[in-house]
Amino acid sequence: MVCFHLSASGYTAMPWRNGAGVTHEIAIDDSTEPEISPAPFLWRLSIAELTGPGPFSEVPNVDRIFLLLEGSDVQLAVNGAPPHPVGRHEAMSFPGDQPTSLTICLLYTSP
């Protein structure tokens, strides 16, 4: 196996399907064959900018893994279940075709 460093300048910025943000695609294997799998790719590694709460785009036939790289107080609610907290460097997997929403809990203190 060959490993190499990918500079952030080489990532591909892609708007979210729902128009609410941007994903920076790092790597993808899009060599799917429609007769084998209707998924848009075999696998993809990307970094999304979380700018606020809202729904995730549904991606049928794709299993997703959410990993919080920075920040805290993020919750994901999948398919109507109660929101599940996701801490920094914690992963949560969920089916891409289930309604999923993100909540960012911010605590404000007065000056």
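Reply: Let us begin with contacts: two residues touch when they have heavy atoms within 4.5 Å. This is a predicted model, where local features need pLDDT of at least 70 and side-chain atom pairs count only at pLDDT 80 or more, while totals for chains, interfaces and linings use all residues. Residues are numbered from 1 along each chain as its sequence is written, and side-chain values use heavy atoms, with hydrogens and water left out.

Me: Which residues does Glu25 touch, not counting residues up to four places away in sequence?
Reply: Its partners are Tyr11, Thr12, Met14, Arg44, Leu45 and Ser46.

Me: How do I read the secondary structure of the chain?
Reply: Helices (H or I, at least four residues) and strands (E, at least two) are DSSP runs, numbered from the N terminus. Here the chain has 0 helices and 9 strands. Glu25 sits in strand S2, which covers residues 22-29, and Ala77 lies in strand S6, residues 74-78.

Me: Why does Glu25 count as buried?
Reply: Buried means under 20% relative accessible area, exposed over 50%, and partly exposed in between, using a 1.4 Å probe and protein chains only. Glu25 counts as buried because its relative accessibility is 13%. Ala77 has 14%, so that residue counts as buried too. Across the chain, 21% of the 111 residues are buried.

Me: What does Ala77 touch, not counting residues up to four places away in sequence?
Reply: Ala77 has contacts with Pro82, Pro83, Pro99, Thr100 and Ser101. As for Trp16, 61 residues from Ala77 along the chain, the two C-alpha atoms are 18 Å apart.

Me: Which residues make up the largest nonpolar core?
Reply: A nonpolar core is a set of buried Ala, Val, Leu, Ile, Met, Phe, Trp, Tyr and Cys residues joined through side-chain atoms within 4.5 Å. The largest one here has 10 residues: Phe56, Phe66, Leu68, Val74, Leu76, Val78, Val86, Met92, Phe94 and Leu102.

Me: What does Phe56 touch, leaving out residues up to four places away in sequence?
Reply: Among its partners are Phe66, Leu76, Phe94 and Leu102, and the list also includes Asn18 and Arg64.

Me: What share of the contacts in the chain with a separation of 6 or more comes from residues 24 or more positions apart?
Reply: Such residues account for 43% of those contacts.
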